[in-house]
Amino acid sequence: EYGYPRSVKCKYCKTSPHYSWKAVFEKQEIAKRLNSAGMFIGSFYDLYVRKRDRKTGKVKFMTIIGSKGSFEVSGHRFRMAMGSRRIKSTEFKIRKGFKKISFTGHGFGHGVGLCQWGAIKMAGKGYSYKRILKAYYPGARVEEL
């Protein structure tokens with residue numbers, strides 16, 4: 001019987017260049033990216049976070065408003081449409097300007113499993129591989145096959 005990995009807080013990854021990030025998009029670029037990703041919004045009017053994960057604060061669902069209507073989209077799908085190297089995770093906040101919208105967030109990826117920067121820091125502090133794996137996969141066992 002196997003469980004799914006769950007998100008754990010990493011206290012060792014603050015040195016990562018992805019720990020905090022900011023991405024700024026012009027409203028026209030948002031429309032272009034969303035339309036290209038199959039979310040046919042037309043012209044971009046507005047967006048807002050509709051639901052966050054209660055434990056992690058990550059964006060679960062967003063509402064996007066365009067000239068062709070109002071659309072609900074998952075935070076993950078929005079991130080992929082905007083570019084996962086710019087919107088680096090779904091843990092972000094939105095700041096709206098007249099022509100631009102900025103996203104500020106933390107982390108780089110899905111937030112589940114091993115944090116590479118955290119593991120490097122833990123290894124540098126002398127932690128064993130078993131201790132590092134236990135930190136990111138609580139409840140898992142390391143066994144010889």
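Start with the largest nonpolar core: 21 residues, with L34, F78 and F103 making the most contacts inside it. A nonpolar core here is a set of buried Ala, Val, Leu, Ile, Met, Phe, Trp, Tyr and Cys residues joined through side-chain atoms within 4.5 Å. Buried means under 20% relative accessible area, exposed over 50%, and partly exposed in between (1.4 Å probe, protein chains only).

Before moving on, note that this is a predicted model: local features need pLDDT of at least 70, side-chain atom pairs count only at pLDDT 80 or more, and totals for chains, interfaces and linings use all residues. Residues are numbered from 1 along each chain as its sequence is written, and side-chain values use heavy atoms, leaving out hydrogens and water.

Two or more residues of the largest core come from each of β1 (20–26), α1 (27–36), β2 (44–52), β3 (59–66), α2 (75–82) and β6. Helices (H or I, at least four residues) and strands (E, at least two) are DSSP runs, numbered from the N terminus.

**Select F78.** Leaving aside neighbours within four places in sequence, F78 is in contact (heavy atoms within 4.5 Å) with L34, L47, M62, I64, V73, F92 and F103. Then look for a second, separate core of seven residues, including C13, A119, I132 and Y136.

**Select β1, β6 and β5.** These three strands form an open sheet in the order β1-β6-β5, with antiparallel pairing. Two strands pair if DSSP finds at least two bridges between them. β1 and β5 are the edge strands, each pairing on one side only. From one strand to the next, the twist averages 20 degrees. Axes are lines fitted to C-alpha atoms, for helices over the stretch in contact; angles run from 0 to 180 degrees between N-to-C directions.

Go to the β1 side. Seven bridges join β1 to β6. Here S20 has H106 in β6 as its bridge partner.

β5 (residues 92–96) and β6 (residues 100–106) pair over five bridges. F92 stands opposite G105 in β6. Three residues make the hairpin link from β5 to β6.

**Last stop: K88.** Find K88 in the loop between α2 and β5. Is K88 buried or exposed? K88 is buried, yet has no salt bridge. That would take a side-chain nitrogen of Lys or Arg within 4 Å of a carboxyl oxygen of Asp or Glu. The nearest side chain of opposite charge, E91, is 14 Å away. Lys and Arg count as positive, Asp and Glu as negative; His and the chain ends are not counted. Not counting residues up to four places away in sequence, K88 touches P17, H18, W21, R79, G107, F108 and G109.
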